[in-house]
Amino acid sequence: MTQDLLQRGKAIKLAVFDVDGVLTDGRLYFLEDGSEFKTFNTLDGQGIKMLMNTGVTTAIISGRKTPVVERRAKNLGIPHLYQGREDKLVVLDELLGQLNLSYEQVAYLGDDLPDLPVIRRVGLGMAVANAASFVREHAHGVTRARGGEGAAREFCELILQAQGNLDAANAHYL
């Protein structure tokens with residue numbers, strides 16, 4: 001973690017996640033009946049819960065729409081879920097208006113071109129390790145972990161560390 005990322009993480013009040021390629025490995029699984037399923041990493045889920053326990057609000061903005069993501073968001077207690085929204089910056093603007101927050105107070109984790117306008121605009125815009133190279137080049141930082149393999153946990157822990165809450169979050173389980 002660089003000092004720049006830690007400095008950016010201090011101001012974060014809202015952490016926003018893309019789904020496909022960030023909370024999942026990016027693969028889409030379709031069954032014969034047309035339904036789909038996704039796999040999520042429990043480490044990521046625990047990281048999101050730890051972050052929320054310190055008062056950071058969380059949101060998901062996804063270009064795709066699926067009931068599986070709705071169930072995952074509900075299971076984790078993520079209060080803001082936007083699906084089927086291609087223009088993620090427009091969605092973020094709506095959310096910032098509702099929450100009375102500024103871009104500098106937002107952290108975003110993404111992996112592909114639709115995420116880039118948000119990554120470039122927010123206070124802490126990060127890409128997962130296996131994100132498109134153009135996205136990685138323009139992000140403030142890149143996780144060591146790949147999407148769906150602990151990248152969201154790493155992102156959450158960076159914010160927790162920047163805000164001085166990581167040790168307490170971990171100590172809760174000792």
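How many aromatic pairs does the structure hold? The structure holds two; rings of Phe, Tyr and Trp (its six-membered ring) pair if their centres lie within 6.5 Å, with planes under 30 degrees apart called stacked, over 60 edge-to-face and the rest tilted.

A few ground rules come before the details. This is a predicted model, where local features need pLDDT of at least 70, side-chain atom pairs count only at pLDDT 80 or more, and totals for chains, interfaces and linings use all residues. Residues are numbered from 1 along each chain as its sequence is written, and side-chain values use heavy atoms, with hydrogens and water left out.

Here are the two ring pairs.

| Pair | Centre distance | Plane angle | Kind |
|---|---|---|---|
| Phe17 and Phe155 | 5.5 Å | 80° | edge-to-face |
| Tyr29 and Phe37 | 4.7 Å | 15° | stacked |

Phe17 sits in strand β1 (residues 14–17) and Phe155 in helix α7, so this pair ties together parts that are 138 residues apart in sequence. Helices (H or I, at least four residues) and strands (E, at least two) are DSSP runs, numbered from the N terminus. Phe17 and Phe155 are both buried, meaning under 20% relative accessible area, where exposed is over 50% and partly exposed is in between (1.4 Å probe, protein chains only).

Now for the helices. The axes of α2 (residues 42–53) and α7 (residues 151–162) come within 7 Å and cross at roughly 25°; axes are lines fitted to C-alpha atoms, for helices over the stretch in contact, and angles run from 0 to 180 degrees between N-to-C directions. That makes α2 and α7 roughly parallel to each other (under 35 degrees; over 145 is roughly antiparallel, 65 to 115 roughly perpendicular, the rest oblique). On the α2 side, the contact (heavy atoms within 4.5 Å) is made by Leu43, Asp44, Gln46, Gly47, Ile48, Met50 and Leu51, and on the α7 side by Ala151, Ala152, Arg153, Cys156, Ile159 and Leu160. Sorted by class, that contact has nine nonpolar, two polar and two charged residues; Ala, Val, Leu, Ile, Met, Phe, Trp, Tyr, Cys and Pro count as nonpolar, Asp, Glu, Lys and Arg as charged, and the others, Gly among them, as polar.

Gln46, in helix α2, is worth a look. Its relative accessibility is 26%, so Gln46 counts as partly exposed. Leaving out residues up to four places away in sequence, Gln46 touches Arg153 and Tyr173. Gln46 and Arg153 are 107 residues apart along the chain, yet their C-alpha atoms are separated by 7.3 Å.
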